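Me: I am new to this structure and would like to go through it step by step. Could we begin with the terms and then turn to the parts?

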Amino acid sequence: MYFVNKTIEKLYRIFDQNERKGYLRLDLNENPGGLPQSLIDKVLSGIDPEFVSQYPETLEFTEHLADFLHTDIEHICLVNGSAEGIRYIIQAFTEIKGRIVGVVPSYFMFQIYSEMYDRTFVKVPYENDLTMNIDNILKELTPETQLLILLNPNNPMGNCYTEDEFKAILHKAEENEITVLIDEAYHYFYPQTFIDYAINREHIFVTRTFSKLFSMAGCRLGYVVGWPDGIKMIQKLCTPHNTNAFAMRFADAMISEPGYIQDLINKFNEGREYLLTQLDNMGYKHKGEAGNFIFIKPKTDAETIVKRMKTDKKILIKSYPNVGEFGTCLRVSIGERKYMEMFFNALVEIDKIRNGKEKDRNNEL
C-alpha cells in the first residue's frame, strides 16, 4: 500500500516564486544594497576548478567563527541557514505531541516545523500595544513543556528582552527542565545578545544567520551555538556537506576583516535614523525598536499602498493584518539611506488622504 504522511499532507505552506529582480526589495528583511563589490571581487578571485569540484570543508571556517565568537568549535554547528538549525532543535529536543511554547506573531517556521513533526505549539500573543508581557510567557512554562522559543530581537514585532526579563524566563525554564532556543537572526541590528548563556550553560541554544546584516541571503549559511552534547545532537541530524563552500568563503572574509561589518552597521543606522525622523515629521505611527524592519500605520489602505508600490514604484513591501492597535499596517525592511529615501518619497506620494479631493501632506505641514 502506498503511504502518504497525513501530517505533511495537511500542512499548510505558501511558496512564493515571484520574480523580484529589478525591484527595490524591502519585503523579506534582506539588505537591499548587499555586500561591497570590492569584497565580492576579492572573494571570487580565489575561486578555481578544484574549489568548485570538491565537497565543502568546514573545519577552518568553524575555527575562525569560534575565534570570532570567543568560544571553541565544540560549541558550534554550521547549518544551511539558521532555519535548518531551528528544525533540528525541534526534532532532537521535543517528541511527538511535545509541548513547544513560542510568541506570536513570530518567524513562521517555528510553528511550521512544530506542525510538520506533529508537536503541540502553544502561542503566547502580544498585547494590543505590541508589547510582550513576560508574565504571559512564564505562566506557559509548565513541567509538560519541552521547548521554549524566543527571538532577540523578534521578527516581525521588533521587541527585545532585557537581561532581567531573560533571567526570569530562564529561571522558570530551568525549574521545569525546558530547553530554550533563542533565535538571534537580527542580533547585529541590536547588540544585546544572550549567546554567552548558550556557551556557558546547558539546554540553551542560540541560532544565527549570515542572511541579514551580513547580506548573504543568497548563500544560505547559519550556525547553532550551544553546549557540546547538545551540539552533537544537532550535528547528527545534519545532512552530509550541508554548508555551502562559497557561503563559508564570503562569511570568512567578513569576520576576518570586521571593518566590513561595521560599515554595514553604519549604513543601516544612517538609513534607520533618516526613515524614523521622516516618519515622525509626517505624523506616522511606527513600531520596531530593533531588527532591520519596521511596522508603519498608513494614513490610507495598506493593501492598496503595497500594490501601488510594486506597480508604480517598483518597490516591494508587505502588509500585515491584525497588528494590535495598528490594525492592517505596512511592514518595511530598513536599509541604507538612499533606499529609505526612495521608499519614503514613494510613500508620501501614494499614501494620500482623500476628502473629496486629494491632499498632499507635504503641503499640509
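Reply: A contact here means heavy atoms within 4.5 Å. This is a predicted model, in which local features need pLDDT of at least 70 and side-chain atom pairs count only at pLDDT 80 or more, while totals for chains, interfaces and linings use all residues. Residues are numbered from 1 along each chain as its sequence is written, and side-chain values use heavy atoms, with hydrogens and water left out.

Me: Which residues is Met-340 in contact with, leaving aside its neighbours within four places in sequence?
Reply: Met-340 touches Leu-26, Gly-271, Tyr-274, Leu-275, Ser-333, Ile-334 and Gly-335 when those neighbours are set aside.

Me: Is Met-340 buried or exposed?
Reply: Met-340 counts as buried because its relative accessibility is 0%. Buried means under 20% relative accessible area, exposed means over 50%, and partly exposed lies in between (1.4 Å probe, protein chains only).

Me: Where is Met-340 found?
Reply: Met-340 belongs to helix 14. Helices (H or I, at least four residues) and strands (E, at least two) are DSSP runs, numbered from the N terminus. From C-alpha to C-alpha, Met-340 is 9.8 Å from Glu-273 in space, although the two are 67 residues apart in sequence.

Me: At what angle do helix 12 and helix 14 cross?
Reply: The axes of helix 12 (residues 259–281) and helix 14 (residues 337–350) cross at roughly 20° and come within 8 Å. Axes are lines fitted to C-alpha atoms, for helices over the stretch in contact, and angles run from 0 to 180 degrees between N-to-C directions. Helix 12 and helix 14 are therefore roughly parallel to each other. Angles under 35 degrees count as roughly parallel, over 145 as roughly antiparallel, 65 to 115 as roughly perpendicular, and the rest as oblique.

Me: Which residues of helix 12 and helix 14 meet?
Reply: Lys-267, Glu-270, Gly-271, Tyr-274, Leu-275, Gln-278 and Leu-279 in helix 12 meet Arg-337, Met-340, Glu-341, Phe-343, Phe-344, Asn-345 and Leu-347 in helix 14.

Me: How many bridges join strand 10 to strand 13?
Reply: Strand 10 (residues 293–297) and strand 13 (residues 329–333) run antiparallel and are joined by four bridges. Within this pairing, Ile-294 has Val-332 in strand 13 as its bridge partner. Strand 10 is mostly covered, with four of its five residues buried.

Me: And how many bridges are there between strand 9 and strand 10?
Reply: Strand 9 and strand 10 pair in the antiparallel sense over three bridges, and Lys-285 stands opposite Lys-297 in strand 10. The two strands form a hairpin with five residues between them, and Gly-288 in the turn has a positive phi of about 140°.

Me: What about the sheet of seven strands; what is its order?
Reply: This open sheet has the order 2-8-7-6-5-3-4, with mixed pairing. Strand 2 (76–79) and strand 4 (120–125) are at the edges, each with a single partner strand, so one side of each is left without a neighbour in the sheet. Neighbouring strands are turned by 20° against each other on average, direction ignored.

Me: In which sense do strand 3 and strand 4 pair, parallel or antiparallel?
Reply: Strand 3 (residues 99–104) and strand 4 pair in the parallel sense over six bridges. Gly-102 has Lys-123 in strand 4 as its bridge partner. Helix 6 (residues 109–116) packs on the sheet and touches strand 3, strand 4, strand 5 (145–151) and strand 6 (179–183), its direction making about 155° with that of strand 4.

Me: One last topic: how many disulfides are found?
Reply: A search of the whole structure finds zero disulfides, a disulfide being a pair of cysteine sulfur atoms within 2.5 Å. For Cys-160, the nearest cysteine sulfur is that of Cys-329, 18 Å away.

Methods: Two strands pair if DSSP finds at least two bridges between them.
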